[in-house]
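Welcome, and please open your viewer.

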Amino acid sequence: MEYLSTRDKTLRKNAAQAITMGLSRDRGLFTPVSFPSISALEVETLRGMSYQRRAAYIMGKFLEDFRPEDLEQFAENAYGPDKFDHPAVAPLRKVDGRTWCLELWHGPTSAFKDMALQMLPQLLSASLGMTREKKTACILVATSGDTGKAAMEGFTGVDQTKILVFYPENGVSEIQKLQMATQEGENVGVCAVKGNFDDAQNGVKRIFSDEAMREELTGRGYFLSSANSINWGRILPQVVYYISAYCDLLEAHEIKLGEPVNFCVPTGNFGNILACYYAKRMGLPVRKLICASNCNDVLTDFIRTGVYDRNRPFHTTMSPSMDILISSNLERLLFDMSGGKDELVRDYMGQLAETGRYEITPGMKKRMQEIFYGGFCGEEETASSIAMLYRYGYLIDPHTAVAAKVLTDYRHETGDKTPAIFVSTASPYKFCDSVLTSIGQVPVENSVDRIAQMAEITGVAAPARLAGLKGKEARFHDVTEKELMEEKVLQFLQ
Ligand SMILES: *Cc1c(COP(=O)(O)O)cnc(C)c1O
């Protein structure tokens, strides 16, 4: 399987090169030249397998250069019982007769980012070997919370890699800060930035495009790489759980082989829902993809009108991982929806950079609307969605609550009775403050103590690693001015 750049189809790489590079030199995103199919017979075979074996099989279709036994081993390492606290890895929970919730937060950091970031480091390591890269990969991450911790947890102890995470000093929750500051491992580093998330992100981008820095690092035996969801090695492991969820519905005799289902995905950077679209492209019987946003509803408008316009106020919400106005992975969908017209994608991305706005062709809009539905959910509705599901005995986080609400809206609006799965992207224990308030409780003062408080009130067990944060000593205390991030990188790579 070859991978091409969404901005220049003639630029082609193999999987190992695409994963090592992360982003194409022309700033396009690597996308498979075609989609391997998954037949009904194969789905039937996968149905009897563990999550790990399903993952190795499905990823193998895109990674023919990798040895199947290696992929099996990677899946065992990534999704084993020492990492995931549920034997099904990504279990489905039945909500009512035709609604299920796909829980993607049973990994080490209690957010769905683990599903990909437990796998990516192994794919990257193998890719370094296959491309005969001798230098050490230095992964730089700017995070607004979930990615930084999940990336460190994935890369800790991985040979030939080092990882340095920058987070906005006052822009992440106290739980998230503590999760990062207590990270173990010799090859990891964490540094707070005096500024907001954009300052941290701009600093990382500046370092990536600094030629002098690149030369200096090469001299020291390093090259820079990314663990962001623009990397193909992060999208591919996410295709797996959509197919796996379908297999689980079959296995539970809830649907018949070939029967269509709908998925509703809480969306930020468009990585997770893109993986669902790719599963559909492979032939998985998915009817509608429901794209759920919070009040940063740029994608809702785009799907409804065909106009992408980021010129609008930015809202800080209780689902912060979806507070985003530029969804990077949409570029891969545009490429596919246009029938592979790279010049069109270049044009749209140029307009987005210059004016913050572009409008797709009527043909593309029609194709998109046949497959996607867009909806959004405000803050009050998010809180009542949490409260409503809690009354039915199910405690969910604010991101998941957005998806649950938008699915309900979709059903009311369209009357579509197709069995549907909404995707749960974080444990409610990562957002105790918002969840407790939504169910009518007053959170206690100390943020770590809220974990025990919520467990006591709801009777739902907290993930052991989050509960274990209480009393844990922080290892990292570094803070930097945003202009001095370069020096932190150089110190880290001494
Ligand atoms: C990252 C994240 C999202 C958004 O996922 P995308 O792939 O960026 O669309 C949603 N919920 C949670 C909890 C996340 O961490």
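Which ligand atom is 3.4 Å from an N or O atom in the side chain of Ser321? Select Ser321 and the ligand: the atom is an oxygen. Such a polar contact is a pair of N or O atoms within 3.5 Å. Before moving on, note that this is a predicted model, where local features need pLDDT of at least 70 and side-chain atom pairs count only at pLDDT 80 or more, while totals for chains, interfaces and linings use all residues. Residues are numbered from 1 along each chain as its sequence is written, and side-chain values use heavy atoms, leaving out hydrogens and water.

Next, pick Gly268, whose backbone has a polar atom 2.7 Å from a ligand oxygen. At Gly271, a backbone N or O atom lies 3.3 Å from an oxygen atom of the ligand. The protein buries 96% of the 390 Å² that the ligand exposes when taken alone (accessible areas by the Shrake-Rupley method, 1.4 Å probe).

Now select Thr425, in the loop between strand E15 (420-424) and helix H19 (432-438); helices (H or I, at least four residues) and strands (E, at least two) are DSSP runs, numbered from the N terminus. Thr425 counts as buried because its relative accessibility is 6%, and buried means under 20% relative accessible area (1.4 Å probe, protein chains only). Its contacts (heavy atoms within 4.5 Å) include Trp105, Phe112 and His399.

Finally, colour the open five-strand sheet, ordered E9-E6-E7-E8-E16 with parallel pairing; strands pair if DSSP finds at least two bridges between them. Strands E9 (222-225) and E16 (479-481) are at the edges with a single partner strand each, so one side of each has no neighbour in the sheet.

Terms used. Buried < 20%, exposed > 50% of the residue type's maximum accessible area, 1.4 Å probe, protein only. Polar contact = N/O pair within 3.5 Å; in protein donor to acceptor, adjacent residues only side chain to side chain. Lists of a residue's contacts leave out its neighbours within four places in sequence.
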